[in-house]
Amino acid sequence: MPVITSNTLKDTYDVIIVGSGAGGGQTAYTLTMEGVKVLMLEAGRSFDPATEVAMFQLPSHAPLRGVSTPDKQYGFHDCSINSGWNIPGEPYTNASPEPEHQFRWWRQRMMGGRTNHWGRISLRNGPYDFKPRTRFGAGFDWPIGYEDVAPYYDKVEMLVGVFGTNEGLENSPDSSPGVLQPAPKLRVGELYAQKHGQKVGAKIVPIHRAVLTKPQDADTLPAKLHPKNAKAQRILAEHMRMRAPCFWATDCHRGCAIRANYDSQTVHLRPALATENLDILPNAMAREVTIDKQGKATGVTFIDKTNGQERHAAGRVVVLAASSQESVRLLLNSKSALFPHGLANSSGKVGKYITDSVSSSVGAHIPAFENMPVHNEDGAGGPHAYVPWTLHDQNRNGELGFPGGYHLEFTTGRQMPSLTVVNGIDRLAGDGGVLYGKRLKEDARRFYGCNLGFGAQGTMLPNDGTYCELDPTLKDQWGIPVLRFHWKWTDFDLNQVRHQQKFITELLQAAGGKVSPKTEADIFKTMKPGGSVIHEVGGAIMGEDRETSVTNQWSQTWDVKNLFLADGAPFASTADKNPTLTIMALAWRMADHLMDELKKGNL
C-alpha cells in the first residue's frame, strides 16, 4: 500500500486518519504495525525530507537574503512549505479587533504536518499537570493521571529517539532507565548561565529533544516496543538503521536529510508504509465526517485539491488528527439531523477551552562574552539546556498569583552565522553611524555571540472566553466555512508574564547582563499573542462527564463511539511543557484502545 491518488481509493478501510503529523503519524504507525488497514488523508502535498530540505545551503545561497515569503513564512531555510499564519485561500477570523483578543493560527499544509517545523523539545507532563483543579482550584482535571501515560512516554521516547538526562525534578518526570539517548555537552553560554543562575535559584539542566545523538539500538528496542510481533520488529529495526545520529550541521527547523531528528515521515510513516497496511492520500482537504442513521461515523468527505472534485472515503473508524483547531473545524462542519450543532457536540463543548503556552522573553548583552576566542559550539540546532519550573512550594502556598509555572528556553551561542548576524552591532558599540571596513570586522568579532536570552513557556488553564466557532459568512477557497476565534487572557496569565519578566531579568543580571529592551509597562505588549507559540490545544477536551466534555479518557468521542481524536484537541489544559510528546503518547494509548475495541467488535 503506497501514496495514492483519489482515483485509487479502496472501497473501504478499517480506519481513516485525517492528518499526518505527530498524532496522525503515531496512530498510523501503531495501527499498521498490528495489521490494521489504514487510509491517511493529508491536506498538503507529499514532501521528502531526504531530498527537499535546505539543510546544507549557506546563507549566501538564499534568494532575497532568505526573507519570508507567503509560502515560507519563517524564511527560505525553514522546512515549512504551503504553511504559516496566513495561507492564501484559507482565511480565519477573530471576533474582536482588539490586539489582546487576537488569536494567530499556524497551519502546516504538507506531509508530516507540524513535525517538520517544531523545535523537537520533548518534555513530559508531570502528575500536577493532569490535575490542575485538584491542585489549584482552577481549570479542569484530566480523567487520567501521569501513571496512565508514563508507559507510553517511554515507548514514544524509545521510538523517536530523545536525548536528555534524568534530574529527579518535581513534576518533570524522569524517563525509565535506558530510554534516553546521551545529552550533548552544554554550550558556553549555557554553562555560564548555569553557574550564575544559582544566585537567583535557577536550576539549569540538559533539555530533552527528539534528536539522535547516537545510532538507535536496533537490536533491542524493536522487541521492547513490539513484543511477539516479528514483522513489526523487523520493519522497525530496518528503519532505525536508516537513521544517522546528528553531526551538528544545521538548525532542525531546516529539516534533516540524514533523519537524525524526529519528524512524522521519518519515524512513523516510512515504517507504516513498509507494513503494506497504509494508504496515504495527499492534497485531500477534509470537509466533513459522515455518519449513518444510527449516528456512527462512516467516513470522510474531502476535496481533491488537484482537481477540485468532492470525494468520499469510507471506513469503520475515523480518527481526526488534523491539528487541534482543524479537527474542531471538521466537527463543527459535520452537521446533520442527529448533530445539528456539529458532530459529537451534544455537550456544546466543541470549540471551547482552547489554550496556548503563556509566553514572553527577555534578552541581554553579556560583556563577559565579548572577544571570546574562537571555539567550537557545534551541537543540535536549538538549546542543549533549559530552566525547568521549580517553585512548587510557592505554588502550593498561593504566593505567586497564578497556577502552574513555566520553563525557560535559551537563546545563546556562536553557531553558524545567520544573514542578520551583524544587526545591532553599531548599537552595542555605542556608535550611531553605519560601521564599515576594519571597524566593522573588529566589532563583529568582538560582539558576535555575546547575547543571552530566555523565552518562557507556561501553563495556561482554560477559560470561558477563549473558544472558536464557525464564521457565519466566510468560507475558504474550497467552500468550507472557516473558524472565528475568541481569545481572552486571564489575570492568572498576566500575573505569570509579570513573573516571567522579573525572573528572567534577575537571571540575566545575575550573569552580568545588560538587559535590553527594558520591560514594557503594558503587559499585553510584552506577552506573545494567543497562538503565537504554536502550542494551541483544546477545543474538544476529554473528561469524566459527557455533559461537560467531548471525549472520554481514550480520546473517543462520547457521542460517536467510532470517532476518535489524536491531536491536541482533547487536552484539558496546557502544562508548562511543550505538547508534542504528550500528543504522541496519548495517540499511542488511544490506538491501543481502538484496536482492543475493534477486536471485541465494539466499533
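Me: Two strands count as paired if DSSP finds at least two bridges between them; how many bridges, then, join strand E12 to strand E13?

Reply: In this model, which is predicted, two bridges join E12 (residues 385-387) to E13 (residues 406-411), and the two strands run antiparallel. Within that pairing, Tyr386 has Glu409 of E13 as its bridge partner.

Me: In which order do the strands of the open sheet lie?

Reply: The sheet has six strands in the order E6-E12-E13-E14-E11-E17, with antiparallel pairing. Its edges are formed by strand E6 (205-206) and strand E17 (514-515), each of which pairs on one side only.

Me: Turning to another set of strands, which strands does E16 join by bridges, and in which direction do they run?

Reply: Strand E16 (residues 481-486) is joined by two bridges to strand E4 (residues 93-94), and these run parallel, whereas five bridges join E16 to strand E15 (residues 467-475), with the two running antiparallel.

Me: How should I read the packing of helix H1 against helix H15, and at what angle do they pack?

Reply: Two packed helices are described by the angle between their axes together with the distance between the axes. Here H1 (residues 22-33) and H15 (residues 580-600) pack at about 35 degrees, with axes 8 Å apart, and H1 passes H15 in a right-handed crossing. The residues that meet include Ala22, Gly23, Gln26 and Tyr29 from H1, and Ile583, Ala587, Trp588 and Leu594 from H15.

Me: Which residues in the largest nonpolar core touch the most other members?

Reply: A nonpolar core is a set of buried residues of nonpolar type joined through side-chain atoms within 4.5 Å. In the largest one, which has 47 residues, Leu9, Leu39, Leu41, Leu281, Leu320, Phe485 and Leu563 touch the most other members. Helix H9 (residues 324-333) supplies the largest share of this core, four residues. A second, separate core has 44 residues, among them Ala260, Ala380, Ala587 and Met590. As for Leu281, if residues up to four places away in sequence are not counted, the residues that Leu281 touches include Ile4, Leu9, Leu39, Leu41 and Phe302.

Me: Where does UniProt place the domain feature?

Reply: The unreviewed UniProt entry places "Glucose-methanol-choline oxidoreductase N-terminal" at residues 252-334. In the model, this span is 25% helix and 39% strand, and its end C-alpha atoms lie 37 Å apart.

Conventions. Residues numbered from 1 in each chain as written. Predicted model: local features only at pLDDT ≥ 70, side-chain atom pairs only at ≥ 80, totals over all residues. Heavy atoms only, no water. Pairing = 2+ DSSP bridges. Buried < 20%, exposed > 50% of the residue type's maximum accessible area, 1.4 Å probe, protein only. Contact = heavy atoms within 4.5 Å. UniProt positions renumbered as here; feature names shortened; annotations may be inferred. Axes fitted to C-alpha atoms, helices over the stretch in contact; angles between N-to-C directions. Left-handed = near helix turned anticlockwise from the far one by under 90°.
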